Amino acid sequence: MSSIAAGPLAVPLDAVFALADEGLAYVGATAEIVAWNEPAANLTGVAADVAIGSDVRRLFRGGDRIVAVPFDGCAHAVRLGPQNGALDVTIRASVVALNLDAQTHGWLCSFGPERRHRAIEQLKSEIVTAVSHELKTPIATIKAFAETLLENPAATQDERTDYLRVIEEQTDRLARSVDDLLLASRVDSEHLLRRRVETPVDDLIDAALASLHFDAVAHPVERTTAGVTVSGDPDLLTEVLRQLFDNAAKFSPPGCPITIDAQSSGRTTHVTIRDRGVGIPEEHLPHVFERFYRVERDLTAPAGGSGLGLFIVAALTRAHGGSIGIQSAAGGGSIVSLAFPTRLR
Ligand code: ADP
């Protein structure tokens with residue numbers, strides 16, 4: 001904690017915000033963000049038009065600690081995390097409570113470059129951990145099975161087919177992880193959407209299930225989607241559904257149906273995917289849209305996954321101007337709800 005000196009200087013806050021290289025935010029008495037400069041947008045990935053007017057407690061995990069900073073003239077360090085897909089990594093803010101005059105009080109927050117550096121370091125180490133786990137496991141399996149095939153020329157045709165099938169499955173897993181990593185690295189790009197067309201939800205579902213080689217016997221797909229369309233890039237929208245069907249199947253026992261429902265209510269198209277699988281324990285729910293976040297389960301649960309699926313889904317949904325929510329409980333299945341504007345802005 002460090003002290004700041006308060007002198008008789010009266011500089012308009014707007015001027016300070018416009019000139020500063022540091023990310024600066026001003027949070028008003030009701031916890032709403034009142035000012036948000038460009039470096040703050042760059043550092044946090046949250047644009048000014050989204051931040052201004054938002055309740056800081058809803059926008060960031062840890063936002064409640066900003067408005068708890070006392071009026072003691074001291075700078076307090078506050079750690080902010082992602083909330084609803086805002087902010088990819090944890091960053092540190094320095095917060096001072098200000099009493100501008102008798103009526104106006106609020107909290108001045110700064111996000112410094114060295115904090116961005118730390119956030120990048122954290123992201124790098126998360127990438128290394130995820131890559132080393134998620135890519136090394138299938139590579140080791142492929143190598144082991146290829147070696148076994150080479151060293152056993154007398155293996156029967158059935159044994160050879162079994163080994164080759166494992167190699168094929170693990171190669172697919174590897175390819176999916178690489179695709180996820182590449183897509184996750186470009187979801188923030190402004191030019192992500194290559195096309196903007198109206199596509200029937202049924203077509204998107206068909207494309208998603210085909211790309212997954214989905215086993216509809218193990219998981220019958222029940223749809224009430226006829227006649228509903230979504231506006232956007234069909235390849236990316238297919239990717240959204242592909243990730244959600246993949247999760248729904250991965251975390252449901254065979255025989256459990258997956259339900260998808262689509263409805264258009266004038267300005268918004270709602271798409272809901274529901275499974276009746278293992279569900280997500282409550283304490284993990286606020287984090288599942290974070291990059292690389294995985295719910296560790298016991299060894300009997302299905303393995304695999306880079307923790308990028310829901311991060312990608314949330315980012316692609318936002319890129320279409322949409323929003324995402326998840327409801328789940330351990331043992332009670334999961335419902336992912338997507339809402340897309342009927343016309344892209
Ligand atoms: P991954 O790409 O590894 O599947 P996700 O980002 O898609 O990761 O999901 C994050 C975590 O949330 C997963 O580790 C998984 O445990 C949990 N999860 C996601 N979807 C479901 C679901 N439908 N049912 C149960 N758990 C889920």
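**View A. Phenylalanine 245, a buried residue of the predicted model.** Phenylalanine 245 has a relative accessible area of 0% and is buried (under 20% relative accessible area, with exposed meaning over 50% and partly exposed in between; 1.4 Å probe, protein chains only). Phenylalanine 214 also counts as buried, at 17% relative accessibility.

This is a predicted model, in which local features need pLDDT of at least 70, side-chain atom pairs count only at pLDDT 80 or more, and totals for chains, interfaces and linings use all residues. Residues are numbered from 1 along each chain as its sequence is written, and side-chain values use heavy atoms, with hydrogens and water left out.

**View B. The aromatic pair of tryptophan 36 and phenylalanine 111.** Five aromatic pairs occur in the structure (rings of Phe, Tyr and Trp, the last by its six-membered ring, with centres within 6.5 Å; planes under 30 degrees apart are stacked, over 60 edge-to-face, the rest tilted). Tryptophan 36 counts as buried at 7% relative accessibility, and phenylalanine 111 at 2%.

**View C. The aromatic pair of phenylalanine 214 and phenylalanine 245.** These two rings are edge-to-face, 6.0 Å centre to centre, with 65 degrees between the planes. Phenylalanine 214 lies in the loop between helix 8 (201-212) and strand 8 (221-224) and phenylalanine 245 in helix 9 (residues 234-250), so the pair ties together parts 31 residues apart in sequence.

Key:
Helix = DSSP H or I, 4+ residues; strand = E, 2+ residues; numbered from the N terminus.
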